[in-house]
Structures are given as C-alpha cells and as structure tokens.
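Biologist: Before we discuss this protein, I should like each term to be set against its definition. May we begin by looking at the model together?

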Amino acid sequence: TVKLVSTTETNNKRSSAVSWCNNYGTGWRMPTYSELSSIYSNKAKLNTSLNTKLGTGYYWSSDETHYDTAYLLSFSSGSTGNYYKSNTYYVRAVLAF
C-alpha cells in the first residue's frame, strides 16, 4: 500500500481511497487481493457475525497490476479484473493486527 500511495498522488480517486482507509483509524488500510478474496469467500459468515451486509459491487485491492491499474474483486460473483485507478469502485478497509 505504501507503494500505491506514493505512485498515485496525482490520481485523486485512488488516493482518496487509500487516504480514506488510512484515516479511518490507526492500523486501517486497503486490503491486498488475497485478503479481499478471503473476505468474499467468508461473506455470509461475516454478514451474520458482524450483523452487517457486505455489498455486491466491485471492491479495490491494494495490489497494483501496473502504475495506473489495480485488481478489483466483485462481491456479487467473485469475478476479478484489473482496472484503471481513475475508475470509481467501492473500498473495504481492513485492520492490520
């Protein structure tokens, strides 16, 4: 994520996503693709145990595929892709521990 922040300072949308996660509180950050996949795989359990409803849209990961693209994961189908960071998609912050 540090690399992502340093290489996307001019990209307001992507930098906003990173900043939002960092400003959410101490230790919060954007998830890696692997972490996001784990959240998706356990979506039903998380919805029940956290009394929440994880969305069904596309969510950003912190894993870059190129300087101007990063991986996304669909929380409705599990499909993945790499998209331009200038696109607007959801962000799910995770807590480092």
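Biologist: How do you know how far to trust the model?

Modeller: This is a predicted model, in which local features need pLDDT of at least 70, side-chain atom pairs count only at pLDDT 80 or more, and totals for chains, interfaces and linings use all residues. Residues are numbered from 1 along each chain as its sequence is written, and side-chain values use heavy atoms, with hydrogens and water left out. The pLDDT is the predictor's confidence in each residue, from 0 to 100. Its mean for the protein is 81, and 85% of the residues reach 70 or more. Over residues 1-12, however, the pLDDT is below 50. Where pLDDT is low, the predicted coordinates should not be read in detail.

Biologist: What makes a stretch of the chain a helix or a strand?

Modeller: Helices (H or I, at least four residues) and strands (E, at least two) are DSSP runs, numbered from the N terminus. The protein has four helices and five strands, arranged along the sequence as α-α-β-α-α-β-β-β-β.

Biologist: Why is isoleucine 39 called buried?

Modeller: A residue is buried under 20% relative accessible area, exposed over 50%, and partly exposed in between (1.4 Å probe, protein chains only). Isoleucine 39 has 15% relative accessibility and therefore counts as buried. Of the 97 residues of the protein, 32% are buried.

Biologist: With which residues is isoleucine 39 in contact, apart from its neighbours within four places in sequence?

Modeller: Contact means heavy atoms within 4.5 Å. Isoleucine 39 is in contact with Leu46, Leu54, Phe75, Arg92 and Val94.

Biologist: What makes β2 and β3 paired strands?

Modeller: Two strands pair if DSSP finds at least two bridges between them. Five bridges join β2 to β3, which run antiparallel, and β3 also pairs with β4 in the antiparallel sense over five bridges. Leucine 72 is the bridge partner of tryptophan 60 and also of glycine 81 in β4. The hairpin of β2 and β3 has two residues between the strands, whereas that of β3 and β4 has five.

Biologist: Why is β3 described as largely enclosed?

Modeller: Five of the six residues of β3 are buried, so this strand is largely enclosed by the rest of the structure.

Biologist: What makes a group of residues a nonpolar core?

Modeller: Such a core is a set of buried Ala, Val, Leu, Ile, Met, Phe, Trp, Tyr and Cys residues joined through side-chain atoms within 4.5 Å. The largest here has eight residues: Ala17, Val18, Cys21, Met30, Trp60, Ala70, Leu72 and Ala93. Its largest share, three residues, comes from α2. A second, separate core of seven residues includes Leu36, Leu54, Tyr59 and Phe75. In soluble globular proteins, nonpolar side chains tend to be buried together.
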